[in-house]
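Biologist: I am new to this one. Please show me the structure, and then we can go through it piece by piece.

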Amino acid sequence: MNLILLAPDDFVSDHEVVLTGRRLAHVLSVHQATVGESLRVGELNGLMGSGEITELSTERLCMRVVLSESPPPKQPVILVLALPRPKMLKRILQMVTTLGVEHVVLINSYRVEKSYWQSPWLSEAAIHEQLLLGLEQARDTVLPKITLAKRLKPFVEDDLPDLLLGREGWLAHPVDASECPTHVGRPQLVAIGPEGGFIPYEVALLQAAGLKPVSLGARILRVETAVAVALGKLLPLI
Ligand code: SAM
């Protein structure tokens, strides 16, 4: 936890917060902080700054906070991801939040197992928890947008054109693709397929919508590795 994220409920006055639970446990066991020390804090979707510890016990942590710094800018990248298996989804959501992706669209695909859409890890609360962990890691306060698109064709026909306005669009695909560009620096969208890959019909649909197939190398990567490699190549170094 490189930043303690503060929610509206934590504030007992304009500049004072009281924390319990996971964040208190972390400060006690990992930071091993004491009264008078300052910790890095940030208001969810707001400014960052420091919090001076005014009281610390196993029951509660009280801090006087000063918030004046802007969070880092989001990366101008939309990730369109075929819904992965739940455990992988958790890790990917955390990772892409840490990397600063601005919007993640989870899509259906022929080779996405139907049961994945029923997973408790897709609940709003479970997704929110993973996003918080990603923000705390990165020292960011702004949540990425998460959208679920359970039907691929309507998404591609109705929503994708708007998402692509002013953006370059890439389809990570291991065959018949040109080399993935690096550190593009302009707004982008990248689509990553399911474990079994997109079927030819889906590849054609996404290509017709304007996504250009790009290769991440000759090796076939697991979904979460493909996400990390694609973003590592495409994202500007900020
Ligand atoms: N057998 C599947 C295929 O041929 O498409 C492999 C799917 S791979 C495990 C899952 C997804 O990761 C793919 O749909 C693609 O989006 C991405 N991916 C994995 N390796 C890739 C590579 N070398 N180049 C481009 N995309 C890749």
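**Ligand, domains and salt bridges**

Modeller: There are 18 residues around the ligand, and those that come nearest are Ala-172, Gly-193, Leu-216, Gly-217 and Arg-219. Keep in mind that this is a predicted model.

Biologist: How far is a backbone N or O atom of Ala-172 from an oxygen atom of the ligand?

Modeller: Ala-172 is among the residues that come nearest to the ligand. The atom on the Ala-172 side is a backbone N or O, and the ligand supplies an oxygen. The distance between them is 2.6 Å.

Biologist: Which residue has a backbone N or O atom 2.8 Å from a nitrogen atom of the ligand?

Modeller: A polar backbone atom of His-173 also faces a ligand nitrogen, but that distance is 3.3 Å. The 2.8 Å distance belongs to another of the residues listed as nearest. That residue is Gly-217.

Biologist: Now the domains. How far apart do the C-alpha centres of domain 1 and domain 2 lie?

Modeller: The domain assignment gives domain 1 as 4-69 and domain 2 as 75-234. Ten residues from each domain take part in the contact. The C-alpha centres lie 33 Å apart.

Biologist: How much area do domain 1 and domain 2 bury between them?

Modeller: The size of an interface is often given as the accessible area lost when the parts come together. Here, 61% of the buried area is on carbon and sulfur atoms. In domain 1, Leu-5, Arg-22 and Asn-45 lose the most, together 55% of what that side buries. The area buried between the two domains is about 800 Å².

Biologist: Which residue does Arg-22 meet in a salt bridge?

Modeller: Across the interface of the two domains, the rule finds one salt bridge. The side chain of Arg-22 takes part in a salt bridge with an N to O distance of 2.6 Å. Its partner is Glu-136.

Biologist: Which strand gives the most to the side of domain 1 that touches domain 2?

Modeller: That side divides into four nonpolar, three polar and three charged residues. The strand in question spans residues 38-43 and gives three residues. It is strand 4.

Biologist: Which residue forms a salt bridge with Arg-40?

Modeller: The structure holds eleven salt bridges. In this one, the closest N and O atoms are 3.2 Å apart. Arg-40 is in strand 4, and its partner, 29 residues away, is in strand 6 (residues 61-69). That partner is Glu-69.

Key:
Residues are numbered from 1 along each chain as its sequence is written. This is a predicted model: local features need pLDDT of at least 70, side-chain atom pairs count only at pLDDT 80 or more; totals for chains, interfaces and linings use all residues. Side-chain values use heavy atoms; hydrogens and water are left out. Domain bounds come from an automatic or database domain assignment. Contact means heavy atoms within 4.5 Å. Buried area is the accessible area (1.4 Å probe) that two parts lose on being put together, summed over both. A salt bridge is a side-chain nitrogen of Lys or Arg within 4 Å of a carboxyl oxygen of Asp or Glu. Helices (H or I, at least four residues) and strands (E, at least two) are DSSP runs, numbered from the N terminus. Ala, Val, Leu, Ile, Met, Phe, Trp, Tyr, Cys and Pro count as nonpolar, Asp, Glu, Lys and Arg as charged, and the others, Gly among them, as polar. A residue is near a molecule or strand if one of its heavy atoms lies within 4 Å of it. A polar contact is a pair of N or O atoms within 3.5 Å; within protein, one must be able to donate a hydrogen and the other to accept it, and residues adjacent in sequence count only if both atoms are side-chain atoms.
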